[in-house]
Amino acid sequence: MGPSVRRLRVSASQTSPAPWTRPDARQIPIGRWAILAGTLGWFLILVLLPVGALVEETFRHGPATFFQALQGQAVRHAFFLTLVTTVLAVVINTVMGILLAILLVRHNFPGKALFDGIVDLPFAVSPVVAGFMFIVLYGPHGLLGRWFESGGVKIIYALPGIIIATLFVTLPFVTREVVPVLRELGTDSEEAAHTLGANRWQTFWKVTLPTIRWGLVYGITLTIARSLGEFGAVLVVSGNIIMRTQTATLYVHQEFTDFNYHGAYAASVVLGGISFVLLLLTEYWKKRTKEI
Amino acid sequence: MQRRPTHVILTGDAVLKMTVFSYVGFLVILPILVISFQAFGLGLGHLWTEIFEPQAFHALRLTITCAFAMAVINAVTGTLMAWVLVRYSFPGKAVVNALIDLPFALPTNVTGLMLVVVYGPMSLLGKYLNTHGIEVIYAQPGIILALLFVTFPFVVRSVQPVLMGLDKDIEEAAATLGARKFLTFRKVILPHLLPSILTGVALAFSRALGEFGSVMVVAGNIPMKTQVAPVFIYGEIESYNPHGALAVSLVLLVCSLAILMLLHRLQNWGRDRGT
(Lines give C-alpha, C1' and ligand atoms only; values in the text may rest on other atoms or scores of the structure.)
Protein backbone atom coordinates (compact mmCIF):
# COMPACT_ATOMS: atom_id res chain seq x y z
CA MET A 1 0.00 0.00 0.00
CA GLY A 2 1.13 3.45 -0.82
CA PRO A 3 1.38 5.09 2.56
CA SER A 4 3.62 2.36 3.87
CA VAL A 5 6.06 2.79 1.05
CA ARG A 6 6.08 6.53 1.42
CA ARG A 7 6.89 6.09 5.06
CA LEU A 8 9.76 3.81 4.32
CA ARG A 9 11.80 6.84 3.38
CA VAL A 10 12.76 7.53 6.93
CA SER A 11 16.33 7.17 7.92
CA ALA A 12 18.05 7.27 11.26
CA SER A 13 17.02 10.26 13.25
CA GLN A 14 19.56 12.84 14.15
CA THR A 15 17.89 13.81 17.38
CA SER A 16 19.98 14.40 20.44
CA PRO A 17 20.70 11.25 22.42
CA ALA A 18 19.35 12.28 25.79
CA PRO A 19 15.66 11.74 26.30
CA TRP A 20 13.98 14.32 28.47
CA THR A 21 14.55 13.81 32.12
CA ARG A 22 12.94 15.41 35.06
CA PRO A 23 15.25 17.99 36.57
CA ASP A 24 15.53 15.99 39.78
CA ALA A 25 15.88 12.58 38.12
CA ARG A 26 19.28 11.22 38.96
CA GLN A 27 18.70 7.54 39.41
CA ILE A 28 20.04 4.86 37.04
CA PRO A 29 17.64 4.70 34.07
CA ILE A 30 16.56 1.07 34.53
CA GLY A 31 13.34 1.55 32.55
CA ARG A 32 15.31 3.00 29.67
CA TRP A 33 17.67 0.04 29.56
CA ALA A 34 14.82 -2.41 29.84
CA ILE A 35 13.03 -0.86 26.87
CA LEU A 36 16.19 -0.76 24.79
CA ALA A 37 17.23 -4.32 25.60
CA GLY A 38 13.71 -5.71 25.23
CA THR A 39 13.06 -4.06 21.89
CA LEU A 40 16.42 -4.88 20.33
CA GLY A 41 16.22 -8.40 21.74
CA TRP A 42 12.81 -8.90 20.17
CA PHE A 43 14.10 -7.71 16.80
CA LEU A 44 17.12 -9.96 17.13
CA ILE A 45 15.05 -13.05 17.88
CA LEU A 46 12.22 -12.33 15.46
CA VAL A 47 14.20 -11.23 12.40
CA LEU A 48 17.96 -11.64 12.70
CA LEU A 49 18.05 -15.10 14.31
CA PRO A 50 16.19 -16.79 11.42
CA VAL A 51 18.37 -14.98 8.85
CA GLY A 52 21.55 -16.05 10.64
CA ALA A 53 20.28 -19.60 11.09
CA LEU A 54 19.65 -19.99 7.35
CA VAL A 55 23.13 -18.72 6.46
CA GLU A 56 24.72 -20.98 9.09
CA GLU A 57 22.75 -24.01 7.91
CA THR A 58 23.70 -23.36 4.29
CA PHE A 59 27.43 -23.03 4.89
CA ARG A 60 27.77 -25.60 7.65
CA HIS A 61 29.29 -28.13 5.30
CA GLY A 62 31.55 -25.57 3.70
CA PRO A 63 31.09 -23.40 0.64
CA ALA A 64 31.59 -26.37 -1.72
CA THR A 65 28.13 -27.79 -0.95
CA PHE A 66 26.66 -24.37 -1.51
CA PHE A 67 28.21 -23.94 -4.95
CA GLN A 68 27.48 -27.52 -5.89
CA ALA A 69 23.81 -27.02 -5.10
CA LEU A 70 23.72 -24.16 -7.60
CA GLN A 71 25.18 -26.18 -10.47
CA GLY A 72 22.08 -27.95 -11.71
CA GLN A 73 20.28 -27.03 -14.90
CA ALA A 74 16.94 -26.54 -13.16
CA VAL A 75 18.31 -24.00 -10.70
CA ARG A 76 20.13 -22.08 -13.43
CA HIS A 77 17.04 -21.98 -15.57
CA ALA A 78 14.98 -20.82 -12.60
CA PHE A 79 17.31 -17.90 -11.90
CA PHE A 80 17.45 -17.07 -15.60
CA LEU A 81 13.65 -16.95 -15.75
CA THR A 82 13.56 -14.72 -12.66
CA LEU A 83 16.10 -12.42 -14.32
CA VAL A 84 14.06 -12.17 -17.53
CA THR A 85 10.85 -11.52 -15.57
CA THR A 86 12.50 -8.91 -13.39
CA VAL A 87 14.03 -7.01 -16.32
CA LEU A 88 10.72 -6.93 -18.20
CA ALA A 89 8.70 -5.99 -15.12
CA VAL A 90 11.12 -3.20 -14.23
CA VAL A 91 11.19 -1.72 -17.74
CA ILE A 92 7.41 -1.82 -18.21
CA ASN A 93 6.50 -0.64 -14.72
CA THR A 94 9.08 2.14 -14.75
CA VAL A 95 7.62 3.63 -17.92
CA MET A 96 4.02 3.04 -16.86
CA GLY A 97 4.76 4.16 -13.31
CA ILE A 98 6.10 7.51 -14.51
CA LEU A 99 3.15 8.00 -16.86
CA LEU A 100 0.75 7.06 -14.07
CA ALA A 101 2.41 9.54 -11.70
CA ILE A 102 2.24 12.32 -14.30
CA LEU A 103 -1.43 11.54 -14.86
CA LEU A 104 -2.19 11.60 -11.11
CA VAL A 105 -0.30 14.81 -10.40
CA ARG A 106 -0.68 16.90 -13.54
CA HIS A 107 -4.11 15.98 -14.85
CA ASN A 108 -7.66 16.12 -13.67
CA PHE A 109 -10.37 13.71 -14.67
CA PRO A 110 -13.62 12.48 -13.21
CA GLY A 111 -13.11 9.69 -10.65
CA LYS A 112 -9.50 10.64 -9.98
CA ALA A 113 -9.66 9.96 -6.23
CA LEU A 114 -11.05 6.49 -6.90
CA PHE A 115 -8.40 5.82 -9.56
CA ASP A 116 -5.73 6.94 -7.12
CA GLY A 117 -7.02 4.35 -4.64
CA ILE A 118 -7.14 1.62 -7.30
CA VAL A 119 -3.41 2.11 -7.96
CA ASP A 120 -2.75 1.04 -4.34
CA LEU A 121 -4.88 -2.10 -4.61
CA PRO A 122 -2.07 -4.48 -5.63
CA PHE A 123 -0.48 -3.94 -2.20
CA ALA A 124 -3.73 -4.89 -0.47
CA VAL A 125 -4.75 -7.92 -2.52
CA SER A 126 -3.44 -11.32 -1.46
CA PRO A 127 -0.92 -12.65 -4.00
CA VAL A 128 -2.91 -15.86 -4.32
CA VAL A 129 -6.10 -13.94 -5.05
CA ALA A 130 -4.15 -11.86 -7.60
CA GLY A 131 -2.93 -15.00 -9.34
CA PHE A 132 -6.42 -16.47 -9.26
CA MET A 133 -7.87 -13.30 -10.82
CA PHE A 134 -5.49 -13.68 -13.74
CA ILE A 135 -6.46 -17.33 -14.19
CA VAL A 136 -10.12 -16.33 -14.25
CA LEU A 137 -9.51 -13.57 -16.78
CA TYR A 138 -6.57 -14.79 -18.87
CA GLY A 139 -6.74 -18.56 -18.26
CA PRO A 140 -7.56 -21.08 -21.01
CA HIS A 141 -11.26 -20.77 -20.14
CA GLY A 142 -11.12 -17.12 -19.13
CA LEU A 143 -13.00 -14.21 -20.61
CA LEU A 144 -9.97 -12.88 -22.50
CA GLY A 145 -7.84 -16.03 -22.25
CA ARG A 146 -10.16 -17.95 -24.58
CA TRP A 147 -9.65 -15.29 -27.20
CA PHE A 148 -5.85 -15.32 -26.79
CA GLU A 149 -5.84 -19.13 -26.84
CA SER A 150 -7.67 -19.23 -30.17
CA GLY A 151 -4.97 -16.94 -31.51
CA GLY A 152 -2.34 -19.41 -30.27
CA VAL A 153 -1.12 -17.21 -27.42
CA LYS A 154 -0.78 -18.94 -24.08
CA ILE A 155 -0.77 -16.58 -21.09
CA ILE A 156 -1.46 -18.64 -17.99
CA TYR A 157 1.03 -21.47 -17.25
CA ALA A 158 3.49 -19.62 -19.50
CA LEU A 159 5.90 -16.69 -19.37
CA PRO A 160 3.33 -13.94 -20.13
CA GLY A 161 1.33 -14.98 -17.06
CA ILE A 162 4.39 -14.78 -14.83
CA ILE A 163 5.15 -11.33 -16.18
CA ILE A 164 1.56 -10.11 -15.77
CA ALA A 165 1.48 -11.35 -12.16
CA THR A 166 4.81 -9.62 -11.44
CA LEU A 167 3.62 -6.40 -13.10
CA PHE A 168 0.52 -6.47 -10.90
CA VAL A 169 2.30 -6.88 -7.58
CA THR A 170 4.93 -4.22 -8.42
CA LEU A 171 2.63 -1.66 -10.06
CA PRO A 172 2.46 0.91 -7.22
CA PHE A 173 6.18 1.15 -6.33
CA VAL A 174 7.47 3.62 -8.94
CA THR A 175 4.29 5.69 -8.96
CA ARG A 176 4.20 6.06 -5.19
CA GLU A 177 7.82 7.25 -5.12
CA VAL A 178 7.50 9.65 -8.05
CA VAL A 179 4.13 11.23 -7.15
CA PRO A 180 5.32 13.20 -4.07
CA VAL A 181 8.45 14.47 -5.87
CA LEU A 182 6.44 15.53 -8.89
CA ARG A 183 3.90 17.28 -6.68
CA GLU A 184 6.64 19.17 -4.89
CA LEU A 185 8.28 20.17 -8.17
CA GLY A 186 5.17 22.02 -9.28
CA THR A 187 4.61 23.14 -12.84
CA ASP A 188 6.67 26.36 -12.80
CA SER A 189 9.93 25.01 -14.19
CA GLU A 190 8.12 22.85 -16.75
CA GLU A 191 6.11 25.85 -17.90
CA ALA A 192 9.25 27.95 -18.05
CA ALA A 193 10.90 25.33 -20.25
CA HIS A 194 7.83 25.28 -22.44
CA THR A 195 7.82 29.09 -22.75
CA LEU A 196 11.46 28.95 -23.76
CA GLY A 197 10.45 26.76 -26.68
CA ALA A 198 11.10 23.26 -25.36
CA ASN A 199 8.68 20.59 -26.57
CA ARG A 200 7.16 17.93 -24.34
CA TRP A 201 10.02 15.48 -24.73
CA GLN A 202 12.70 18.07 -24.13
CA THR A 203 10.85 19.31 -21.05
CA PHE A 204 10.54 15.77 -19.73
CA TRP A 205 14.18 14.78 -20.34
CA LYS A 206 15.79 18.04 -19.26
CA VAL A 207 13.50 19.26 -16.46
CA THR A 208 11.19 16.59 -15.08
CA LEU A 209 13.41 13.50 -15.18
CA PRO A 210 16.44 15.01 -13.40
CA THR A 211 14.17 16.14 -10.57
CA ILE A 212 12.40 12.83 -10.02
CA ARG A 213 15.65 10.88 -10.54
CA TRP A 214 16.29 9.65 -7.00
CA GLY A 215 12.67 8.94 -6.20
CA LEU A 216 12.56 6.96 -9.42
CA VAL A 217 15.71 4.99 -8.61
CA TYR A 218 14.27 4.17 -5.19
CA GLY A 219 11.01 3.00 -6.74
CA ILE A 220 12.90 0.87 -9.26
CA THR A 221 14.97 -0.76 -6.50
CA LEU A 222 11.78 -1.71 -4.65
CA THR A 223 10.35 -3.06 -7.90
CA ILE A 224 13.43 -5.23 -8.49
CA ALA A 225 13.31 -6.62 -4.95
CA ARG A 226 9.63 -7.52 -5.21
CA SER A 227 9.96 -9.00 -8.72
CA LEU A 228 12.80 -11.25 -7.63
CA GLY A 229 10.97 -12.36 -4.53
CA GLU A 230 7.35 -12.71 -5.64
CA PHE A 231 6.11 -16.17 -4.80
CA GLY A 232 2.34 -16.56 -4.35
CA ALA A 233 1.01 -14.82 -7.44
CA VAL A 234 3.65 -16.43 -9.67
CA LEU A 235 3.07 -19.89 -8.18
CA VAL A 236 -0.62 -19.71 -9.02
CA VAL A 237 -0.29 -18.48 -12.61
CA SER A 238 2.87 -20.31 -13.67
CA GLY A 239 1.95 -23.92 -13.05
CA ASN A 240 5.50 -24.33 -11.66
CA ILE A 241 6.78 -26.44 -14.55
CA ILE A 242 10.47 -27.32 -14.01
CA MET A 243 12.78 -25.86 -16.68
CA ARG A 244 9.84 -24.01 -18.18
CA THR A 245 7.89 -21.79 -15.82
CA GLN A 246 9.80 -22.28 -12.58
CA THR A 247 11.23 -19.07 -11.18
CA ALA A 248 13.87 -18.91 -8.43
CA THR A 249 11.37 -18.62 -5.55
CA LEU A 250 9.39 -21.51 -7.01
CA TYR A 251 12.59 -23.54 -7.26
CA VAL A 252 13.19 -22.97 -3.54
CA HIS A 253 9.66 -24.15 -2.86
CA GLN A 254 10.08 -27.23 -5.07
CA GLU A 255 13.36 -28.28 -3.47
CA PHE A 256 11.94 -27.76 0.00
CA THR A 257 8.83 -29.88 -0.64
CA ASP A 258 11.04 -32.56 -2.24
CA PHE A 259 13.14 -32.66 0.97
CA ASN A 260 16.17 -31.53 -1.02
CA TYR A 261 17.16 -29.01 1.63
CA HIS A 262 20.62 -28.15 0.31
CA GLY A 263 19.18 -26.95 -2.96
CA ALA A 264 16.48 -24.94 -1.19
CA TYR A 265 18.94 -23.35 1.25
CA ALA A 266 21.50 -22.45 -1.43
CA ALA A 267 18.95 -20.80 -3.72
CA SER A 268 17.40 -19.03 -0.71
CA VAL A 269 20.74 -17.61 0.32
CA VAL A 270 21.33 -16.29 -3.20
CA LEU A 271 17.88 -14.67 -3.28
CA GLY A 272 18.26 -13.36 0.27
CA GLY A 273 21.73 -12.02 -0.53
CA ILE A 274 20.44 -10.09 -3.53
CA SER A 275 17.57 -8.71 -1.41
CA PHE A 276 20.07 -7.65 1.21
CA VAL A 277 22.20 -5.77 -1.33
CA LEU A 278 19.08 -4.09 -2.70
CA LEU A 279 18.12 -3.09 0.84
CA LEU A 280 21.49 -1.44 1.34
CA LEU A 281 21.05 0.34 -2.00
CA THR A 282 17.63 1.68 -0.99
CA GLU A 283 19.19 3.03 2.20
CA TYR A 284 21.72 4.82 0.05
CA TRP A 285 19.07 6.16 -2.34
CA LYS A 286 17.01 7.36 0.60
CA LYS A 287 19.91 9.45 1.77
CA ARG A 288 20.44 10.83 -1.73
CA THR A 289 16.74 11.72 -2.04
CA LYS A 290 16.92 13.56 1.24
CA GLU A 291 19.99 15.54 0.26
CA ILE A 292 18.30 16.94 -2.82
CA MET B 1 1.40 23.55 -21.37
CA GLN B 2 -2.22 22.64 -22.03
CA ARG B 3 -2.92 22.88 -25.74
CA ARG B 4 -6.50 22.25 -26.65
CA PRO B 5 -7.04 19.55 -29.25
CA THR B 6 -8.12 21.15 -32.48
CA HIS B 7 -8.28 18.16 -34.79
CA VAL B 8 -9.12 14.52 -34.60
CA ILE B 9 -5.39 13.85 -34.31
CA LEU B 10 -4.64 12.54 -30.83
CA THR B 11 -2.84 14.96 -28.57
CA GLY B 12 -0.17 13.93 -26.10
CA ASP B 13 -2.64 14.20 -23.24
CA ALA B 14 -5.13 11.87 -24.86
CA VAL B 15 -2.43 9.30 -25.64
CA LEU B 16 -1.18 9.48 -22.04
CA LYS B 17 -4.65 8.97 -20.62
CA MET B 18 -5.51 6.14 -22.99
CA THR B 19 -2.24 4.32 -22.32
CA VAL B 20 -2.46 4.57 -18.55
CA PHE B 21 -6.16 3.81 -18.29
CA SER B 22 -5.93 0.73 -20.48
CA TYR B 23 -2.82 -0.51 -18.64
CA VAL B 24 -4.40 -0.18 -15.20
CA GLY B 25 -7.70 -1.38 -16.68
CA PHE B 26 -6.32 -4.66 -17.99
CA LEU B 27 -3.91 -5.23 -15.11
CA VAL B 28 -6.00 -4.27 -12.06
CA ILE B 29 -9.58 -3.13 -12.67
CA LEU B 30 -10.77 -5.77 -15.15
CA PRO B 31 -9.34 -8.77 -13.21
CA ILE B 32 -10.97 -7.57 -9.97
CA LEU B 33 -14.30 -6.91 -11.69
CA VAL B 34 -14.29 -10.26 -13.46
CA ILE B 35 -13.49 -12.27 -10.33
CA SER B 36 -16.16 -10.36 -8.37
CA PHE B 37 -18.77 -10.97 -11.09
CA GLN B 38 -17.86 -14.65 -11.23
CA ALA B 39 -18.15 -14.92 -7.45
CA PHE B 40 -21.52 -13.16 -7.32
CA GLY B 41 -22.53 -15.18 -10.38
CA LEU B 42 -22.61 -18.24 -8.11
CA GLY B 43 -25.70 -16.71 -6.56
CA LEU B 44 -25.85 -15.30 -3.04
CA GLY B 45 -27.19 -18.52 -1.56
CA HIS B 46 -24.46 -20.65 -3.08
CA LEU B 47 -21.83 -18.08 -2.18
CA TRP B 48 -23.04 -18.18 1.42
CA THR B 49 -22.83 -22.00 1.50
CA GLU B 50 -19.30 -21.94 0.09
CA ILE B 51 -18.09 -19.37 2.65
CA PHE B 52 -19.66 -21.25 5.57
CA GLU B 53 -18.52 -24.64 4.33
CA PRO B 54 -16.56 -25.91 7.39
CA GLN B 55 -13.10 -26.01 5.81
CA ALA B 56 -13.41 -22.59 4.16
CA PHE B 57 -14.91 -20.99 7.25
CA HIS B 58 -12.25 -22.46 9.51
CA ALA B 59 -9.53 -21.13 7.20
CA LEU B 60 -11.04 -17.65 7.26
CA ARG B 61 -11.45 -17.71 11.02
CA LEU B 62 -7.89 -18.91 11.56
CA THR B 63 -6.56 -16.18 9.25
CA ILE B 64 -8.44 -13.45 11.10
CA THR B 65 -7.53 -14.79 14.56
CA CYS B 66 -3.82 -14.99 13.72
CA ALA B 67 -3.90 -11.56 12.08
CA PHE B 68 -5.45 -10.11 15.25
CA ALA B 69 -2.84 -11.72 17.47
CA MET B 70 -0.13 -10.34 15.17
CA ALA B 71 -1.74 -6.88 15.17
CA VAL B 72 -1.79 -6.62 18.97
CA ILE B 73 1.84 -7.72 19.34
CA ASN B 74 3.02 -5.56 16.47
CA ALA B 75 1.25 -2.46 17.76
CA VAL B 76 3.28 -2.70 20.97
CA THR B 77 6.64 -3.86 19.62
CA GLY B 78 6.46 -1.61 16.55
CA THR B 79 5.76 1.49 18.63
CA LEU B 80 8.56 0.58 21.04
CA MET B 81 10.97 0.03 18.15
CA ALA B 82 10.09 3.41 16.65
CA TRP B 83 10.53 4.97 20.09
CA VAL B 84 13.95 3.38 20.53
CA LEU B 85 15.06 4.45 17.05
CA VAL B 86 13.95 8.06 17.50
CA ARG B 87 14.62 8.81 21.14
CA TYR B 88 17.52 6.56 22.07
CA SER B 89 21.08 6.55 20.96
CA PHE B 90 23.14 3.38 20.93
CA PRO B 91 26.00 1.96 18.90
CA GLY B 92 24.83 0.38 15.65
CA LYS B 93 21.60 2.34 15.53
CA ALA B 94 21.98 3.17 11.83
CA VAL B 95 22.45 -0.54 11.07
CA VAL B 96 19.34 -1.53 13.03
CA ASN B 97 17.38 1.22 11.32
CA ALA B 98 18.44 -0.08 7.91
CA LEU B 99 17.69 -3.70 8.84
CA ILE B 100 14.10 -2.93 9.89
CA ASP B 101 13.02 -3.21 6.25
CA LEU B 102 14.71 -6.59 5.77
CA PRO B 103 11.41 -8.52 6.09
CA PHE B 104 10.01 -6.50 3.16
CA ALA B 105 13.05 -7.30 1.03
CA LEU B 106 13.12 -11.07 1.55
CA PRO B 107 11.01 -13.41 -0.60
CA THR B 108 8.17 -14.65 1.59
CA ASN B 109 8.81 -18.35 1.14
CA VAL B 110 12.48 -17.80 2.02
CA THR B 111 11.19 -16.25 5.24
CA GLY B 112 9.16 -19.38 5.89
CA LEU B 113 12.20 -21.54 5.22
CA MET B 114 14.26 -19.53 7.70
CA LEU B 115 11.66 -20.03 10.41
CA VAL B 116 11.63 -23.77 9.74
CA VAL B 117 15.42 -23.82 10.06
CA VAL B 118 15.18 -22.17 13.49
CA TYR B 119 12.04 -23.69 14.99
CA GLY B 120 11.48 -26.78 12.84
CA PRO B 121 11.52 -30.35 14.14
CA MET B 122 15.12 -30.81 12.96
CA SER B 123 16.60 -27.81 14.76
CA LEU B 124 18.00 -27.75 18.29
CA LEU B 125 15.59 -25.08 19.42
CA GLY B 126 12.65 -26.87 17.79
CA LYS B 127 13.56 -30.13 19.55
CA TYR B 128 13.97 -28.37 22.87
CA LEU B 129 10.59 -26.63 22.56
CA ASN B 130 8.99 -29.87 21.47
CA THR B 131 10.14 -31.76 24.55
CA HIS B 132 8.50 -29.01 26.58
CA GLY B 133 5.27 -29.45 24.70
CA ILE B 134 5.53 -26.28 22.62
CA GLU B 135 4.91 -26.73 18.95
CA VAL B 136 5.83 -23.79 16.73
CA ILE B 137 6.19 -25.08 13.20
CA TYR B 138 3.11 -26.79 11.72
CA ALA B 139 1.04 -25.13 14.44
CA GLN B 140 -0.65 -21.81 15.15
CA PRO B 141 2.34 -20.13 16.88
CA GLY B 142 4.33 -20.66 13.67
CA ILE B 143 1.67 -18.86 11.64
CA ILE B 144 1.66 -15.91 14.04
CA LEU B 145 5.46 -15.85 14.06
CA ALA B 146 5.58 -15.76 10.25
CA LEU B 147 3.01 -12.95 10.18
CA LEU B 148 4.98 -11.01 12.81
CA PHE B 149 8.12 -11.35 10.71
CA VAL B 150 6.68 -10.23 7.38
CA THR B 151 4.70 -7.31 8.85
CA PHE B 152 7.35 -6.08 11.30
CA PRO B 153 8.31 -2.86 9.44
CA PHE B 154 4.77 -1.47 9.02
CA VAL B 155 4.13 -0.02 12.48
CA VAL B 156 7.76 1.08 12.95
CA ARG B 157 7.85 2.96 9.65
CA SER B 158 4.45 4.48 10.26
CA VAL B 159 5.16 5.75 13.80
CA GLN B 160 8.80 6.81 13.30
CA PRO B 161 8.24 10.01 11.24
CA VAL B 162 5.39 11.17 13.50
CA LEU B 163 7.52 10.65 16.59
CA MET B 164 10.38 12.55 14.98
CA GLY B 165 8.08 15.48 14.23
CA LEU B 166 6.62 15.49 17.73
CA ASP B 167 7.31 18.64 19.66
CA LYS B 168 9.26 17.87 22.80
CA ASP B 169 8.00 21.04 24.49
CA ILE B 170 4.68 19.48 25.46
CA GLU B 171 6.40 16.51 27.08
CA GLU B 172 8.77 18.76 28.92
CA ALA B 173 5.87 20.88 30.08
CA ALA B 174 4.11 17.78 31.36
CA ALA B 175 7.29 16.70 33.11
CA THR B 176 7.80 20.10 34.67
CA LEU B 177 4.27 19.95 35.93
CA GLY B 178 5.27 16.79 37.75
CA ALA B 179 3.80 14.13 35.47
CA ARG B 180 5.48 10.76 35.70
CA LYS B 181 7.10 9.33 32.59
CA PHE B 182 4.45 6.74 31.91
CA LEU B 183 1.64 9.21 32.53
CA THR B 184 3.25 11.65 30.10
CA PHE B 185 3.47 8.89 27.54
CA ARG B 186 -0.11 7.81 27.99
CA LYS B 187 -1.74 11.24 28.17
CA VAL B 188 0.53 13.35 25.98
CA ILE B 189 2.46 11.23 23.49
CA LEU B 190 0.16 8.28 22.82
CA PRO B 191 -2.82 10.36 21.61
CA HIS B 192 -0.52 11.98 19.05
CA LEU B 193 0.87 8.67 17.89
CA LEU B 194 -2.45 6.85 17.78
CA PRO B 195 -3.39 7.61 14.15
CA SER B 196 0.03 6.47 12.93
CA ILE B 197 0.01 3.34 15.12
CA LEU B 198 -3.41 2.42 13.78
CA THR B 199 -2.29 3.11 10.21
CA GLY B 200 0.66 0.77 10.66
CA VAL B 201 -1.53 -1.87 12.28
CA ALA B 202 -4.11 -1.64 9.47
CA LEU B 203 -1.41 -2.07 6.83
CA ALA B 204 0.03 -5.01 8.73
CA PHE B 205 -3.41 -6.56 9.20
CA SER B 206 -4.19 -6.27 5.51
CA ARG B 207 -0.87 -7.88 4.64
CA ALA B 208 -1.47 -10.65 7.20
CA LEU B 209 -4.89 -11.52 5.75
CA GLY B 210 -3.32 -12.10 2.36
CA GLU B 211 0.04 -13.54 3.41
CA PHE B 212 0.76 -16.77 1.60
CA GLY B 213 4.39 -17.72 1.02
CA SER B 214 5.78 -17.68 4.55
CA VAL B 215 2.66 -19.15 6.15
CA MET B 216 2.42 -21.91 3.58
CA VAL B 217 5.92 -23.10 4.48
CA VAL B 218 5.54 -22.98 8.27
CA ALA B 219 1.88 -23.89 8.80
CA GLY B 220 1.77 -27.45 7.54
CA ASN B 221 -1.60 -26.55 5.99
CA ILE B 222 -3.72 -29.21 7.64
CA PRO B 223 -7.35 -28.47 6.71
CA MET B 224 -9.50 -27.51 9.71
CA LYS B 225 -6.33 -27.06 11.77
CA THR B 226 -3.53 -24.96 10.33
CA GLN B 227 -4.80 -23.99 6.89
CA VAL B 228 -5.19 -20.24 6.41
CA ALA B 229 -7.48 -18.63 3.84
CA PRO B 230 -4.91 -17.89 1.07
CA VAL B 231 -3.56 -21.45 1.33
CA PHE B 232 -7.14 -22.74 1.20
CA ILE B 233 -7.71 -20.75 -2.01
CA TYR B 234 -4.51 -22.16 -3.48
CA GLY B 235 -5.62 -25.70 -2.63
CA GLU B 236 -9.02 -25.16 -4.24
CA ILE B 237 -7.40 -23.80 -7.42
CA GLU B 238 -5.02 -26.74 -7.58
CA SER B 239 -7.84 -29.24 -7.14
CA TYR B 240 -10.00 -27.51 -9.78
CA ASN B 241 -12.64 -26.42 -7.33
CA PRO B 242 -13.14 -22.80 -8.37
CA HIS B 243 -16.32 -22.20 -6.36
CA GLY B 244 -14.68 -22.41 -2.95
CA ALA B 245 -11.73 -20.39 -4.24
CA LEU B 246 -14.04 -17.69 -5.65
CA ALA B 247 -16.07 -17.38 -2.45
CA VAL B 248 -13.06 -17.08 -0.12
CA SER B 249 -11.26 -14.77 -2.57
CA LEU B 250 -14.28 -12.49 -2.53
CA VAL B 251 -14.22 -12.34 1.28
CA LEU B 252 -10.51 -11.45 1.26
CA LEU B 253 -11.02 -8.82 -1.47
CA VAL B 254 -13.85 -7.19 0.45
CA CYS B 255 -11.64 -7.12 3.59
CA SER B 256 -8.78 -5.52 1.60
CA LEU B 257 -11.11 -2.84 0.22
CA ALA B 258 -12.55 -2.12 3.67
CA ILE B 259 -9.05 -1.72 5.12
CA LEU B 260 -8.01 0.59 2.26
CA MET B 261 -11.00 2.82 3.01
CA LEU B 262 -10.21 2.74 6.73
CA LEU B 263 -6.62 3.77 5.94
CA HIS B 264 -7.89 6.71 3.93
CA ARG B 265 -9.90 7.85 6.95
CA LEU B 266 -6.96 7.30 9.30
CA GLN B 267 -4.77 9.50 7.13
CA ASN B 268 -7.30 12.31 7.26
CA TRP B 269 -7.55 11.88 11.02
CA GLY B 270 -3.76 12.08 11.35
CA ARG B 271 -3.74 15.23 9.22
CA ASP B 272 -6.50 16.86 11.24
CA ARG B 273 -4.42 16.34 14.36
CA GLY B 274 -1.61 18.15 12.67
CA THR B 275 0.81 15.33 13.22
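The following questions and answers concern a predicted model.

Reader: Is B:Val72 buried or exposed?

Author: B:Val72 belongs to helix α3 (residues 54-87) of chain B. Within 10 Å there are 10 other C-beta atoms, and a residue counts as exposed at 12 or fewer. B:Val72 is therefore exposed.

Reader: What separation do the C-alpha atoms of B:Val72 and B:Cys255 have?

Author: Along the chain, B:Val72 and B:Cys255 are 183 residues apart.

Reader: How many residues of helix α12 (residues 229-238) of chain B are buried, and what covers them?

Author: Among the buried residues of α12(B) are B:Ala229, B:Phe232, B:Ile233 and B:Glu236. Their cover includes α6 (127-138) and α11 (232-238) from chain A, and α3, α10 (181-210), α11 (213-219) and α13 (242-272) from chain B. Just after α12(B), B:Tyr240 takes a positive phi of about 50 degrees. Helix α12 of chain B is mostly covered, the count of buried residues being 8 of its 10.

Reader: Which residues have the most contacts inside the largest nonpolar core?

Author: The largest nonpolar core has 162 residues. One of the two residues asked for, B:Val248, is in contact with B:Ile51, B:Ala56, B:Ala59, B:Leu60, B:Ala229, B:Phe232 and B:Ile233, leaving aside its neighbours within four places in sequence. The residues with the most contacts inside this core are A:Phe132 and B:Val248.

Reader: At what angle do helix α4 (residues 73-106) and helix α10 (residues 200-229) of chain A cross?

Author: Two packed helices are described by the angle between their axes and the distance between the axes. The axes of α4(A) and α10(A) come within 9 Å, and the crossing is right-handed. The angle at which they cross is roughly 145 degrees.

Reader: How many nonpolar, polar and charged residues make up the contact of α4(A) with α10(A)?

Author: From α4(A), the residues that meet α10(A) include A:Thr82, A:Thr85, A:Ala89 and A:Asn93. Those on the side of α10(A) include A:Gly219, A:Thr223 and A:Ser227. By class, the contact has 5 nonpolar, 9 polar and no charged residues.

Key. Residues numbered from 1 in each chain as written. Chains lettered and ligands numbered in written order. Predicted model: local features only at pLDDT ≥ 70, side-chain atom pairs only at ≥ 80, totals over all residues. Helix = DSSP H or I, 4+ residues; strand = E, 2+ residues; numbered from the N terminus. Buried ≥ 20, exposed ≤ 12 C-beta atoms within 10 Å, placed from the backbone. Contact = placed C-beta atoms within 7 Å. Core = buried A, V, L, I, M, F, W, Y, C linked by C-beta atoms within 7 Å. Axes fitted to C-alpha atoms, helices over the stretch in contact; angles between N-to-C directions. Left-handed = near helix turned anticlockwise from the far one by under 90°. Nonpolar A, V, L, I, M, F, W, Y, C, P; charged D, E, K, R; others polar.
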